[in-house]
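Open the structure in a viewer and keep the selection tool ready. The stops below go from one selection to the next.

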Amino acid sequence: MQHPTAEETIQIAIDRLPPIDEHAVEIAADPTRVWEALVAILPRVFDNRRSRIGAPVLGAAHTEAKGEPSMTGSTLPGFVVSRSVRPAVLALLGQHRYSRYALVFTIDDLGAGRSRLHAETRAEFPGRKGRVYRRLVIGSRGHVAVVKRIIEAVRKRAERSVAKVNRRQISEWIADYEKAWRSEGTEMLDELFASEASYSTSPYEKPHLGRPAIKEMWAAERSSHKEIFTMHSEIVAVEADTGVARVAVHYEDPHQQEYRDLWIIRLDAYGRCVHFEEWPFWPPGTPGHVSGGAEPETL
C-alpha cells in the first residue's frame with residue numbers, strides 16, 4: 001500500500017514553523033541502537049486509545065497508524081513521518097484545527113558507543129482558538145512532559161539493548177536461521193528477528209526495515225522451503241551484542257549455486273536479531289544475486 005507523503009497532506013515546511021522548545025539526553029548506546037529504540041517507542045506514545053480518540057476530535061490530518069514509523073509517509077494519530085534518515089533524523093509533522101506542528105528527533109554520534117538524542121518542537125497556533133490551545137498544551141507544560149517522557153524511554157530502551165552475548169547464543173541463532181529457511185512459511189521469523197530489525201543482504205544494498213519487510217523478502221527469495229542445500233558456519237568473533245560468522249552454503253539441483261558469506265549478527269537482550277548484515281561472495285561466472293530493500297532518504 002502506498003502511503004501519502006507529508007507534502008501531499010500538510011503544505012508547510014518544518015523550518016518555517018516557529019521554534020517552541022528543545023530537549024536532549026546523552027545515551028550510553030550507539031546511534032543505531034538509539035534509532036531502533038526511538039522507532040519502537042513512538043507508536044507506544046502516540047498510537048494509543050487516547051490519541052486515536054483525540055486526533056479526530058481535533059480534526060487532525062492523520063487519525064490512525066499506518067506503515068512502519070521509520071519510513072517517510074507513514075502515520076501515527078496526529079502525525080505523518082515527513083523525513084527519515086536512519087540513524088540520524090526522524091521528523092514528525094502534523095496539523096489540526098488549532099495548530100500546525102513538528103517534532104524533530106536528531107541523533108548525534110558522540111563516539112565510544114555513546115549518542116545524544118535531541119528533540120525539537122516547532123509549532124504555530126493561528127487565531128484566537130489557536131492561542132487558547134497553545135496555553136492549554138504549551139503553557140501547562142503538558143507538552144514538555146510528553147517529550148521528556150519519550151526521550152527518557154528511548155534512553156532506557158537503547159541502553160538495555162546493549163546485550164552481552166556469547167558464542168553459544170550466536171551459534172544457536174544461526175541454527176534457528178537455517179531451521180527457519182527449511183520450514184514452511186515465515187512464522188519462525190517472529191522469534192528470530194525483533195519487530196524493528198534491519199536486514200542487509202550486502203554492504204551496499206538498501207536494508208529491509210522491520211519484520212514485515214524481512215518476511216516479504218524471505219518469501220520472495222525462497223523458491224520453496226524444500227530447497228535442497230547444505231550449510232556450514234564458523235563463528236569468527238563475538239563482542240558485546242554482536243557476532244561475526246563465516247558461512248558456506250551450497251544449493252543442489254535444480255538451481256545449483258554456491259555462496260561464501262560473512263554474517264554480522266546483533267542480538268537484543270531477548271536473543272532476537274536487531275541487525276543482520278551479509279557480505280556474500282559466489283564463484284566467478286555464476287549468477288549470484290542479492291535482494292535490496294526500499295529506497296531510504298539521504299542526508
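The tour visits a pocket, then aromatic rings, then charges placed over rings. Keep in mind that this is a predicted model.

**Stop 1: the second largest pocket**

Select Phe46, Phe79, Tyr133, Val137 and Val146. Of the 31 residues that line the second largest pocket, these lie nearest its centre. The space in this pocket comes to about 890 Å³.

Now colour the elements around the pocket. At least two lining residues come from each of helix 2 (31-46), helix 3 (49-58), strand 5 (99-111), strand 6 (114-124), helix 4 (127-139) and helix 5 (142-160). Which helix gives the most to the lining? Helix 5 does, with six residues.

Colouring the lining of the second largest pocket by class gives 19 nonpolar, ten polar and two charged residues.

**Stop 2: a tilted pair**

Next, show the rings of Phe, Tyr and Trp. The whole structure holds 18 aromatic pairs. Start with Trp173 and Phe276, whose ring centres are 5.6 Å apart. Their planes meet at 35 degrees, so this pair counts as tilted. The two residues belong to distant parts of the chain: Trp173 is in helix 6 (residues 167-181) and Phe276 in strand 12 (residues 273-281), 103 residues apart. Are Trp173 and Phe276 buried or exposed? Both Trp173 and Phe276 are buried.

**Stop 3: an edge-to-face pair**

Move to Tyr259 and Trp282. This aromatic pair is edge-to-face, with 5.8 Å from centre to centre and 75 degrees between the planes. It also links distant parts of the chain, as Tyr259 is in strand 11 (residues 257-267) and Trp282 in the segment after strand 12, 23 residues apart.

**Stop 4: an aromatic cluster**

Select Trp173, Tyr177, Trp181, Phe193, Tyr199, Trp218, Trp263 and Phe276 together. These residues form one aromatic cluster.

**Stop 5: charges over rings**

The charged end of Arg222 sits over the ring of Trp181, 5.7 Å from the ring centre.

Last, select Arg182 with Phe229. Here the charged end of Arg182 lies over the Phe229 ring, and the distance to the ring centre is 3.8 Å.

Definitions and conventions:
Residues are numbered from 1 along each chain as its sequence is written. This is a predicted model: local features need pLDDT of at least 70, side-chain atom pairs count only at pLDDT 80 or more; totals for chains, interfaces and linings use all residues. Side-chain values use heavy atoms; hydrogens and water are left out. On a 1 Å grid over the protein atoms alone, a cavity is a set of points where a 1.4 Å probe fits but cannot get out, and a pocket is an open set with protein on both sides within 12 Å along at least five of seven lines; lining residues have an atom within 4 Å of a point. Grid points are joined across faces, edges and corners, and a volume is the space filled by probe spheres set on the points. Helices (H or I, at least four residues) and strands (E, at least two) are DSSP runs, numbered from the N terminus. Ala, Val, Leu, Ile, Met, Phe, Trp, Tyr, Cys and Pro count as nonpolar, Asp, Glu, Lys and Arg as charged, and the others, Gly among them, as polar. Rings of Phe, Tyr and Trp (its six-membered ring) pair if their centres lie within 6.5 Å; planes under 30 degrees apart count as stacked, over 60 as edge-to-face and the rest as tilted. Buried means under 20% relative accessible area, exposed over 50%, partly exposed in between (1.4 Å probe, protein chains only). A charge sits over a ring if NZ of Lys or CZ of Arg is within 6 Å of the ring centre and within 35 degrees of the ring normal.
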